[in-house]
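Here are my notes on the packing and the aromatic side chains. Please read them alongside the model.

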Amino acid sequence: MRDTGFQNGASTAPGGASALRLSDMLAAERVHLPLAGLDKEAILRELVDLVVDSMGLAGEREAVYEAVVERENVLSTGIGDGVALPHAKYGGLSDLVIAAGVSVEPVDFGALDGRPANLFFLILGPDSATASHVRVLARLGRLLRDVSLHERLVSAENVEAFLHTLAAAEHAS
């Protein structure tokens, strides 16, 4: 198993409480602006590549991709409002990891609202991180309901601006 250097999506907040910090799971090498993919398959492959390349999992690229596609085939992860949160469990990781990107053109991701997505966050983690996995999905979903945050992330000029915008939104919530 690869160690992501992060313990299941939680850090200790003042007073000892556990706080979910997405910015701790999303490193600059796992953010791509813009994503080159023009369809769902290409976007998923590109996001998986960000994870496997940054985590030293190149030999497991197809297995990671298949885990993501298998989950996507169960129910689309297009959550609406131009956002997709593909996610899967993968045993080659010891903790949760996130990759993100913005597509050049919106991509049909099968969202219930029928709108294509242009903002993507891939969440991968081991079977042992199921509770944290659900918390990450919920946290991202809540944050990305803010239309102005979505607009700021999509229009970020570079990876550093994207990460700063996400961290600032987390801090404010």
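1. Start with Leu26. Leaving aside neighbours within four places in sequence, Leu26 is in contact with Val31, Ile98, Ala99, Ala100, Phe121, Phe162, Leu163 and Leu166. Contact means heavy atoms within 4.5 Å.

2. On the basis of these notes: this is a predicted model, where local features need pLDDT of at least 70, side-chain atom pairs count only at pLDDT 80 or more, and totals for chains, interfaces and linings use all residues. Residues are numbered from 1 along each chain as its sequence is written, and side-chain values use heavy atoms, with hydrogens and water left out.

3. Leu26 is among the residues with the most contacts inside the largest nonpolar core, together with Phe121, Val136, Leu144 and Phe162. That core has 28 residues. A nonpolar core is a set of buried Ala, Val, Leu, Ile, Met, Phe, Trp, Tyr and Cys residues joined through side-chain atoms within 4.5 Å. Buried means under 20% relative accessible area, exposed over 50%, partly exposed in between (1.4 Å probe, protein chains only).

4. Which elements build this core? At least two residues each come from α1 (22–25), β7, β8, α4 (130–143), α5 (147–154) and α6. Helix α6 gives the most, with five residues. Helices (H or I, at least four residues) and strands (E, at least two) are DSSP runs, numbered from the N terminus. A second, separate core of 27 residues includes Leu57, Ala88, Tyr90 and Val97.

5. There are two aromatic pairs. Phe109 and Phe120 have ring centres 5.2 Å apart and planes at 55°, so this pair is tilted. Phe109 is in the loop between β7 (97–107) and β8 (117–125), and Phe120 is in strand β8, eleven residues apart. Both Phe109 and Phe120 are buried. Rings of Phe, Tyr and Trp (its six-membered ring) pair if their centres lie within 6.5 Å; planes under 30 degrees apart count as stacked, over 60 as edge-to-face and the rest as tilted.

6. The pair of Phe121 and Phe162 is also tilted, with centres 6.0 Å apart and planes at 35°. Here strand β8 supplies Phe121 and helix α6 (residues 159–172) supplies Phe162, 41 residues apart. Phe121 is buried at 1% relative accessible area, and Phe162 at 0%.

7. Check two charges over rings. The charged end of Lys40 sits over the ring of Phe109, 5.0 Å from its centre. Arg45 lies over the face of Tyr65, at 3.7 Å from the ring centre. The criterion: NZ of Lys or CZ of Arg within 6 Å of the ring centre and within 35 degrees of the ring normal.
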